[in-house]
Amino acid sequence: MNAKQSDTLDEQSLHQLAEQALRQYPQELQGEIALICRSENATFVVRLADGSRLALRVHRDDYHQRNEIESELSWLDSLRETGIQVPEALVGSNGLRVQTLALDEHHSRHVVLFKWIAGEMPTTEVDPRAFAQLGEVTARLHQHSQNWEKPAGFKRIVWDHQTMTGDKGHWGRWQDAPGLREEDHPLVERTLARVDRTLQKYGKNPRRYGLIHADLRLTNLLLHKGETRVIDFDDCGMGWYMHDAAAAISFVEHHPRAQEWVEHWLAGYQRICPLSEECLAVIPTMIIQRRIQLLAWVGSHATTEMAISLGDRWVADSIKLCEAYLATEECALAVS
């Protein structure tokens, strides 16, 4: 494996770190810990004696700085004030919401403990109208983003063409995706060149580019008693608003129903925020850019359950999507 992996700690070490982190919180927040998932971070469920739950997020050591995490929490605070259901961080015994634990003299990990958000996670097997709900809540986030006056010192990750798909992208290099043939590299490079030209023309007008969730897919949406709730803002940062449309179908851009899902997402989004022809036209470009960004993610997260679950055909389907994008004026989402 040539690509640098996002987190080299084994699960036992992460579990020990999570237990150490939980001790930084008051006694009433102590409980049994179990790993839920690993991606950029490791997320644990904390089961309390009274049956309630909390979510403990252990950050990897080279992704976000402390002030960037605090900035994420500031946005979540403001979103909750407007009635949008998002996670709420809890305060440790030291009065801080972001705990920092030293691994050794050179490395440390940041940890945040959140209140648990109840709800059922929709999947691609449910009614496609779930994507309409996703589009609607995304539009509400974007509305807030465009009108929110950020606090002094606010800093979040930047998502642009280079940081998503360049050689020094935040998620690694697309060339490192397992199973990607070297002879396919020129095709991906031509695709990215067209994406770059399109986005240069589209531009970064504040109505098109701002603070976004950046990973708002169905797995980060919870439905509960008629409410739509959004979780996992760890990747939130400055990016194109229509990138969130592409993120909605992350990893399944090649699915035969992908076009239908995008149409439902757009219907939900435009119930809140009408879109210009230019914004609608750029979505295929955002989708193929996201897919190539995910090639990089798979390369740098090859040992994660999500990457392994994609199977052997996923990279080949990615190449077919690039071919379709280059062959047509609009990205053909379905791959035979």
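Reader: Let's start with glutamine 293. Which helix is glutamine 293 found in?

Author: Helices here are DSSP runs of H or I with at least four residues, strands are E runs of at least two, and both are numbered from the N terminus. Glutamine 293 is found in helix H8, which covers residues 277-300. Before we go on: this is a predicted model, where local features need pLDDT of at least 70 and side-chain atom pairs count only at pLDDT 80 or more, while totals for chains, interfaces and linings use all residues. Numbering runs from 1 along each chain as its sequence is written, and side-chain values use heavy atoms, with hydrogens and water left out.

Reader: Does glutamine 293 count as buried or exposed?

Author: The cut-offs are on relative accessible area: buried is under 20%, exposed is over 50%, and partly exposed is in between, using a 1.4 Å probe and protein chains only. Glutamine 293 has 1% relative accessibility, so it counts as buried.

Reader: And what is glutamine 293 in contact with, leaving aside its neighbours within four places in sequence?

Author: A contact means heavy atoms within 4.5 Å. With those neighbours set aside, glutamine 293 contacts Trp159, Met164, Thr165, Trp171 and His243.

Reader: On to backbone angles. Where is aspartate 232 found?

Author: In the loop between strand S9 (227-230) and S10. Aspartate 232 has a positive phi of about 60° although it is not a glycine, and at 31% relative accessibility this residue counts as partly exposed. Phenylalanine 251 also has a positive phi without being glycine, near 75°. That residue sits in the loop between helix H6 (243-247) and helix H7 (258-272), and at 5% relative accessibility phenylalanine 251 counts as buried.

Reader: Now the sheet. What is the order of the three strands in the open sheet?

Author: The general idea is that strands of a sheet pair through backbone hydrogen bonds, either parallel or antiparallel. Two strands are called paired if DSSP finds at least two bridges between them. Here the order is S6-S10-S7, with mixed pairing. Strand S6 (157-158) and strand S7 (209-212) are at the edges with a single partner strand each, so one side of each has no neighbour in the sheet. S7 pairs with strand S10 (residues 237-240) in the antiparallel sense over four bridges, and isoleucine 212 stands opposite glycine 237 in S10.

Reader: Zooming out, how many helices and strands does the protein chain have?

Author: Ten helices and ten strands.

Reader: What share of the chain do buried residues make up?

Author: Buried residues make up 53% of the 336 residues. As for contacts with a separation of 6 or more, 73% of them join residues 24 or more positions apart.
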